[in-house]
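Here is a short briefing on the spaces inside this protein and on the surroundings of its ligand. Have a look at the model first, then read on.

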Amino acid sequence: IAAAGAVYYLFGATGDLARRKLFPALFSLYKEGKLAEDFAVVGLARRPRTNDEFRADVYESINEFCRYKQGDDETWKKFADHFVYMSLDINNLDGFRELNNLTEELDARFDIPGNRLFYLALSPELFGPVSLNLRDGGLLESKGWNRLVIEKPFGYDLQSARELNEQLSHVFKEEEIFRIDHYLGKEMVQNIEVIRFANAFFEPLWNNKHIANVQITLSETVGVEERGGYYDKSGALRDMVQNHLLQMLAMIAMEPPSRLHPEDIRDEKVKVFRSLRPFANSEEVRRDVIRGQYSEGSSRDKRLNGYRQEDSVNPESKTETYFAARVFADNFRWAGVPFYIRTGKRLPVKTTEIVIEFKNVPDNILFARRHDLSPNLLVIRVNPMEGIYIKINAKKPGVDNTVQPVSMEFCQSCQVGLNTPEAYERLIYDAARGESTYFTRWDEVAQAWSFVDRIAEAWREDNESLQFYPAGSWGPEQADKLLAEDGFHWWPVN
Ligand code: BG6
C-alpha cells in the first residue's frame, strides 16, 4: 500500500547517510509501490548542484547500495524525475521562503496533497535553527501533515537533550517528531515482540524464575573511519549504548503491551528504562562497567592503527571504543537477572546477537551431574545473519545417557529469494504513514540519558578505568571477569 503523497525534504542531501541509506531506501519503496507517483524529494545542502548532478548522485548511490538495481531505464527515469535539488544556507530565512515557493510548484506538478516530511540528516545543533526557519519560512502552513524525522544523536546528555527537545517543541508537536534509532527498523529487532508474545513456549518462561541472564552483543570490525571528529566526543556510550543497546534491552525486557498501539508499546519500554538500576556512585560504575579503547593490533594479517592514531582523534584521547556492563532491571519480572551488554569497534566480527540463557533444570537422578548439562539458550541473531536458534540437550546417539547440546535453527536470511527490506526503508515508510512505534519517544530518550549520564559522570573524574585492547581482539579481559564473577561467560557469537 502506498504511503500518502508528500514532499520529502532531505537536509544533508550530499552527505553519507543520504548516499548510503536514504536514496536506496526511497528507490526500494518506489519499486515496491510504497511510494506512488504523488511525491517529490528535494535535496538540500549548502553546496551548489544542478538537478541533473543531484540525480546522477542518486543514481550512483542506488547502483552501489540499493538491494534493487535500477533495472529498466523507464522506472529509473520516472523515479529520478521526482528529485530536485536546492542549495540552501540554513541560516538564511530567505532561502526557506524560496523553498516554500518551490514546494508549491512540486505540489502542483505531482499532485501532492500538502503533506511534508522534513528529514534532517544534519548535526543536532542544527535541528533547532532549521525547525524555526521552516516555521518562519511558511513551510508548515499547508493543509496536509508536517512530520520531522531526525537522526541521532539526540543531545549529548540529558541536559542538552532537554534543551534540544524544548527548541523542537516550539515548532513541532511530539506526535510530529520521529526520532530515528535505526536498530528499531531492523527486521529481527521488530521480530522480538512476535517471538516473545506469539509463542507458547517462550513467554511463560520469560522471567527470573527461568532465565539466568541475558547477553546483548553489538560488535563491529570497523574502527572510527572518517568520523573521528564526531566519535571522539561521543564514544561508544553515547554512540551505541544510549540508543541501540538500551532499545534492544527494552524490547527484551518489556511487559506485554495491552494493545499493539504505538503509545502502549512505548509506555512499556519507558517502564523498563525507569526500572534500570541507576549506578549510585563511581565505585559501582567501576565494578559493573568496562570501558575500553583499541590500541594497535591486526586482523587477518593486516596491521590496524590504534584509536589514538586515527584521523581527527586526540592523540591522548580517553574516549571509549568498547563498552560492557552488567545492568539490572529492578522489577518483578527481572529481579536478580543480570543483563550483560557490550559493544565495540575493531572487534573480530560484525554481529548483533541477543542470547537468553535459561536456568538449568534441577538435579535429577537420570542425569545426576547437573554441571554436565549445558544451559538452554535462545539466540536472536539481528545482523548480519537474521534468525533464531535454540540450544537444547539431547541424548548422544548410541551412548547410554550421555547428554549433548544440539541446536535447532531458523535462519531467516538463508531463505532463497528473501530480500529483506533495509531498516531505513521501513522507517521512512512508517514515518510517511504516521506510524511511530519504532521511533523513540521523548520520555524514552530522556530516561536512557539519565541512566547513561551517571556512567559518563563517573568516568569524567576517573583516569584509571580505561583499558586498552588490541584492535581485532574481543576487548578488555575485564569484560570476561564481569561475567565470571557471577558464574557465567559470554557465549561465543556466530
Ligand atoms: C550508528 C553508529 O548508529 O550505528 C555507528 O553511529 C555504527 O558508529 C552504526 O557503526 C552501526 O549500525 P549497523 O546497522 O551497521 O550495525
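**Cavities and ligand site**

Helix 12 gives the most to the lining of the largest cavity, with 4 residues; helices here are DSSP runs (H or I, at least four residues) numbered from the N terminus. This is a predicted model, where local features need pLDDT of at least 70 and side-chain atom pairs pLDDT 80 or more, while totals for chains, interfaces and linings use all residues. Residues are numbered from 1 along each chain as its sequence is written, and side-chain values use heavy atoms, without hydrogens or water.

**Largest cavity**
- A cavity is a set of points on a 1 Å grid over the protein atoms alone where a 1.4 Å probe fits but cannot get out, and lining residues have an atom within 4 Å of a point.
- The largest cavity holds about 160 Å³ of space, a volume being the space filled by probe spheres set on the points, which are joined across faces, edges and corners.
- Its lining has 16 residues, with Phe-154, Gln-242, Asn-243, Thr-440 and Val-445 nearest the centre.
- Helix 8 and helix 12 (442-460) are the elements that each give two or more residues to this lining.

**Ligand site**
- Around the ligand (a heavy atom within 4 Å) are residues including Lys-152, Tyr-183, Glu-220 and Arg-227.
- Helix 8 (residues 228-253) supplies the largest share of this shell, 3 residues.
- A polar side-chain atom of His-182 lies 2.8 Å from a ligand oxygen atom.
- For Lys-186, a side-chain N or O atom is 2.6 Å from an oxygen atom of the ligand.

Note on methods:
A polar contact is a pair of N or O atoms within 3.5 Å; within protein, one must be able to donate a hydrogen and the other to accept it, and residues adjacent in sequence count only if both atoms are side-chain atoms. On a 1 Å grid over the protein atoms alone, a cavity is a set of points where a 1.4 Å probe fits but cannot get out, and a pocket is an open set with protein on both sides within 12 Å along at least five of seven lines; lining residues have an atom within 4 Å of a point.
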